[in-house]
Structures are given as structure tokens and as C-alpha cells.
Amino acid sequence: MRISQISNEVILQYVKEILNSPKYRSIDIPEDLIESLYLQEEPHHKRLQDLHKAVRKKLHNIVAPYLGDPDYKQASIDITNAFNLNQEAVRTVCTDILNSHASTKERQPFLGKFYKEIFLRIGKPQSILDLACGLHPFGLPWMELDQQCQYYAFDIVKERIDLINTFFSLSNRKPLANQQDILLHPPQIKADVAFFFKEAHRFEQRHRGCNRNFWQSLPVKHLLVSLPTTSMSLRHNKVDQHRRLVYEIIQGLEWTVEEFQVENELIFWLQKDL
Ligand SMILES: C[S@@+](CC[C@H](N)C(=O)[O-])C[C@H]1O[C@@H](n2cnc3c(N)ncnc32)[C@H](O)[C@@H]1O
């Protein structure tokens, strides 16, 4: 079947089909994310089946189920029980949750060092935007933040957001995690720092060149972007490629950059000229 100007109603129908498919039913991702993929991909395909295939491929890479997930119901019970015990039990459950997703698992053995290096540079923030957070907020016990620090977290996966808010509430913090596509709706909350960890290269795969406007739109003084030093298989060194990507994104902007590395993570401390 060939495409000839698909109407909005038809696109919404395709979106519903994906949302109700066995793969995405339980994940509960935002409708407008899938809709935006159809609108973005439509001009590049002549046949409807190619359009569907391209959207599903992009979506698979964005949601990235292959990176791993905890059993959300069980994790919620475990973290609640741990808070009834002691801080040691809380750290143990947080470690298990961090280990259930590839991005946080890789970082977990160096968490103390990771935050020390960051806060040494930017000081202790009073407000944080954790963008495309995954399960990273479960690193809170190692961050040693002030109790009043406002921790906003954003992800597209509803179950993840619910678990994070349960954890925030148990930690006597406001439940400030939001289900939000941050590329379609960049957070406009003023904060001391934004963390954008291990996602910038993947944003480029979703929409080449999208990072520049996104980074510029964030009302924060410090932007900390991290990228992995190797491919997931550990076979390819990615340092040069990822460094090039960051410098291309900020080309011509009067921002200061300091680069440092904590084990397998390359971190760029960007200071915006606000
Ligand atoms: C590679 S993981 C990184 C997680 C975390 N930043 C870390 O370094 O531990 C990417 C995360 O970004 C989320 N994500 C991808 N695209 C997003 C978007 N447009 N808006 C919000 N979250 C997004 C995914 O659901 C996933 O949890």
C-alpha cells in the first residue's frame, strides 16, 4: 500500500495500535511520542509498511527494552520494606534496582566517585533536573544531597516514574518524577543543574541534530552530559566519536566546557552563558 497524505485520525489509529500491542501495552509510553515519529518519518517512505517498520524501529531504540528493567511491582514492595528496616537495607534494594538496567549497572560500582567528581565541580545543587533518568534516581543514597534539594526526574516509561515517586516519597522528598517526552516538551523548570546521562547519542539517532536546540532550551546554569566510553559490547572505543558529537552540538555557543572521565563514563560539564 502506498502513502498519500495520511490524515491525523489515521495516524492516531496507528498510535493506538502500537500502544495496545503486547510489546508496549504494559509500558504505557506517551501517545505524542509515537505520533511525532509517524509525522517525522512519513515524508521518507512511499509504502505504508515501510513507514510502520521505520516507526517501530525508532520506538524500539528509544524505549530500549534490551537495556533491562526490574520487576516493578516487586521492586516497589522491596523498597517499601527496606525503609521499614534501615539505611543499609535501602542501599541494598537501590543497588539491585540500579543493577537491573544496563546504564546504571555499568556505573554502580563507581557511584561514590562519580558524584564526588561532579559535586566537586558544581557544588551541592539545591535543584536538579534528571533528564531521561532511567533508574538513575536510585543513586540518591550515594549523592549525599541536602534534604531540601528539589529532584525533578523525567522519563517516558510510566512504571519507572511511579517506582521513582514511591522511592522519593519514602525518602521524604517530593514526588517530582514526571512521565514526559523531554524532546517534545523540554522541561522549563529553573534548576541549578541538569543531568543528561548516556542519552545524547541516542537522541541523535531519533532525530539527527536535535540535541542543540534541546540543550539550549534548558533553563539551568550547569548542564552535565555524559556518554559511555565504549559500545555496549565493550568491543568499540567510543571516546573520540562521543567527544566529537558533544563539540559539534555546542559549536559556536559561548559555553565553557570541562571534560572528565569516571571509569567508563565520559562527562562534559557545560556552563551556559545565561
Ligand atoms: C540509556 S538510558 C539512560 C538512563 C540514565 N540517564 C542513566 O544514565 O542511568 C535512557 C533512558 O531515557 C529514557 N528516554 C528516552 N527518550 C526519552 C525522552 N524523549 N524523554 C524522556 N525519557 C526518555 C528511556 O526510557 C531510558 O530510561
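## Basis

The model is predicted: local features need pLDDT of at least 70, side-chain atom pairs count only at pLDDT 80 or more, and totals for chains, interfaces and linings use all residues. Residues are numbered from 1 along each chain as its sequence is written.

## The sheet

Seven strands form an open sheet with mixed pairing, in the order S3-S2-S1-S4-S5-S7-S6. Strand S3 (177-179) and strand S6 (256-262) are the edges, each pairing on one side only. From one strand to the next, the twist averages 20°. Strands are DSSP E runs of at least two residues, helices are H or I runs of at least four, and both are numbered from the N terminus. Two strands pair if DSSP finds at least two bridges between them.

S6 pairs with strand S7 (residues 265-271) in the antiparallel sense, over seven bridges. Here Glu 259 stands opposite Phe 268 in S7.

## Helices across the sheet

Helix H7 (residues 111-122) lies across S4, S5, S6 and S7, and runs at about 160° to S6. Helix H12 (residues 239-249) lies across S5 and S7, at about 15° to S7. Axes are lines fitted to C-alpha atoms, for helices over the stretch in contact; angles run from 0 to 180 degrees between N-to-C directions. Contact means C-beta atoms, placed from the backbone, within 7 Å.

## Two positive phi values

Most residues other than glycine have a negative phi. Glu 144 has phi near 55°. Glu 144 sits in the loop between helix H8 (140-143) and strand S2 (150-155). Lys 198 also has a positive phi, about 55°, and lies in the loop between S4 and helix H10 (200-206).

Glu 144 is exposed, because 11 other C-beta atoms lie within 10 Å. Lys 198 is buried, with 22. The cut-offs are 20 or more for buried and 12 or fewer for exposed, counting other C-beta atoms within 10 Å, placed from the backbone; partly exposed is in between.

Conventions: Contact = placed C-beta atoms within 7 Å.
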